[in-house]
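Welcome! Please take a moment with the sequence and the 3D view below, and then let us walk through the fold together.

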Amino acid sequence: MSLPKLQPLLHRVAETGRAAVLFTLDGQPASALVGDTVLTAVLTQAAQLRRNEFSGAPRAGFCMMGACQDCWIATEQGERLRACSTFIAPGMALVTGRGGA
């Protein structure tokens, strides 16, 4: 069963001329721009960053400066990254917990 496609939470309105960075999100190909944080890269593709480990509620970051612990995201290899302060890198394979990988 495939999950319905949700609209991305963020929409890029500026700085669109930077080079593309290819990565995967929940097993699907995705693209961000050089200099994007993982948080920006994910939320321009998806409606959530991850699911809360206690309630299952969708999360999308909170403080945006690395102080609140709300922006952790997992890689397909099980590594945890702080999405608001980690820059997207080519080939990253990220998992939101919504489905897919």
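Strand 5 runs antiparallel to strand 7 (residues 93-95), and 2 bridges join the two. Strands pair here if DSSP finds at least two bridges between them, and strands (E, at least two residues) and helices (H or I, at least four) are DSSP runs numbered from the N terminus. This is a predicted model, in which local features need pLDDT of at least 70 and side-chain atom pairs count only at pLDDT 80 or more, while totals for chains, interfaces and linings use all residues. Residues are numbered from 1 along each chain as its sequence is written, and side-chain values use heavy atoms, leaving out hydrogens and water.

Strand 5 (residues 72-75) also pairs with strand 6 (residues 80-82) in the antiparallel sense, over 3 bridges. These two form a hairpin with 4 residues between them, and G78 in its turn has a positive phi of about 95°.

| Residue | Bridge partner | Partner's strand |
|---|---|---|
| W72 | R82 | strand 6 |
| A74 | V95 | strand 7 |

W72 has another neighbour to look for: R80 lies over its face, at 4.4 Å from the ring centre. A charge counts as over a ring if NZ of Lys or CZ of Arg is within 6 Å of the centre and within 35 degrees of the ring normal.

V42 touches L49, I73 and L94, among others, leaving aside residues up to four places away in sequence; contact means heavy atoms within 4.5 Å.
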